[in-house]
Amino acid sequence: DPNTNYPGFEEVLLENVHCYKNRNNGAVTYGYMESGQTKWANHNFTVRGCKFYNNTGYPASTHKGSGLIIGDVDNGLVEYCEAFGNGAGNTNCGGPGGIWTYNSRRVIIQYSESHHNKAGGPSACDGLGFDIDGGGRDCIIQYCYSHDN
């Protein structure tokens, strides 16, 4: 892609997929990140009608056990998805979560439900339903239902 110096993926559709009982996370996009970035590794991601559940995570120096993480994406859409029961094995503070994005631009999360996600052990924190995290630009969460996280 001429708009990026970082290799990634383009025009991705993840539809009606169930990601469950993974030790690390359910589904994750990732790319090279830099402060004040103006280029992204991944472009035009759609995640639709998917379920992310019982992804436990494990004790580590970074958070583990999220349902869906959209990272380093320019132009993303997550809709009609559900995340639940994630994060019980996490011990790190600063995550995990049900459905969230970071270091991304123009990501919309809508018409989704995120519930019963956990932070993990006693030193853990967050256990969030939805999140636009650090580096998120022009991102929107709308028409979603978050409860019991």
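Visitor: Arg-105 forms a salt bridge with Asp-74, but how many residues apart are the two?

Guide: A salt bridge is a side-chain nitrogen of Lys or Arg within 4 Å of a carboxyl oxygen of Asp or Glu, and the closest N and O atoms of Arg-105 and Asp-74 are 2.8 Å apart. The pair links distant parts of the chain, with Arg-105 in strand β10 and Asp-74 in strand β7, and the two are 31 residues apart.

Visitor: What kind of model is this, and what pLDDT do side-chain atom pairs need in order to count?

Guide: Residues are numbered from 1 along each chain as its sequence is written, and side-chain values use heavy atoms, with hydrogens and water left out. This is a predicted model, in which totals for chains, interfaces and linings use all residues, local features need a pLDDT of at least 70, and side-chain atom pairs count only at pLDDT 80 or more.

Visitor: Is Asp-74 buried or exposed?

Guide: The classes rest on relative accessible area with a 1.4 Å probe and protein chains only: under 20% is buried, over 50% is exposed, and values in between are partly exposed. Arg-105, with a relative accessible area of 24%, is partly exposed. Asp-74 has a relative accessibility of 6%, so Asp-74 counts as buried.

Visitor: Which strand holds Arg-106, which meets Asp-74 in a salt bridge?

Guide: The side chains of Asp-74 and Arg-106 come to 2.9 Å, N to O, in this salt bridge. Strands here are DSSP runs of E with at least two residues, numbered from the N terminus. The pair again links distant parts of the chain, 32 residues apart, with Asp-74 in strand β7 and Arg-106 in strand β10.

Visitor: Which strands are the edges of the open sheet of 4 strands?

Guide: Two strands count as paired if DSSP finds at least two bridges between them, and the open sheet has the order β3-β6-β9-β12 with parallel pairing. Each edge strand pairs on one side only, and the edge strands are β3 (27-28) and β12 (128-132).

Visitor: Which residue is the bridge partner of Ile-70 in β9?

Guide: Strand β6 (residues 68-71) and strand β9 (residues 97-102) run parallel and are joined by 4 bridges. In β9, Ile-70 has as its bridge partner Thr-101.

Visitor: How many of the 5 residues of β12 are buried?

Guide: β12 pairs with β9 in the parallel sense over 4 bridges, and Gly-97 stands opposite Leu-128 in β12. β12 is largely enclosed by the rest of the structure, because the number of its 5 residues that are buried is 4.

Visitor: Which elements give two or more residues to the largest nonpolar core?

Guide: A nonpolar core is a set of buried Ala, Val, Leu, Ile, Met, Phe, Trp, Tyr and Cys residues joined through side-chain atoms within 4.5 Å. Of the 17 residues in the largest one, those touching the most other members are Val-47, Phe-52, Leu-68, Ile-70, Val-78, Cys-81 and Ile-99. The elements that contribute two or more residues are β4 (42-48), β6, β7 (73-79) and β10.

Visitor: What separates the C-alpha atoms of Val-17 and Gly-49?

Guide: Val-17 is found in the loop between β1 (10-15) and β2 (18-20). Contact means heavy atoms within 4.5 Å, and, leaving aside residues up to four places away in sequence, Val-17 touches Gly-49, Cys-50 and Lys-51. Val-17 and Gly-49 are 32 residues apart along the chain, and their C-alpha atoms are separated by 7.2 Å.

Visitor: What is omega for the peptide bond from Gly-95 to Pro-96?

Guide: Pro-96 has its place in the loop between β8 (82-84) and β9. The peptide bond from Gly-95 to Pro-96 is cis, with omega near -5°.
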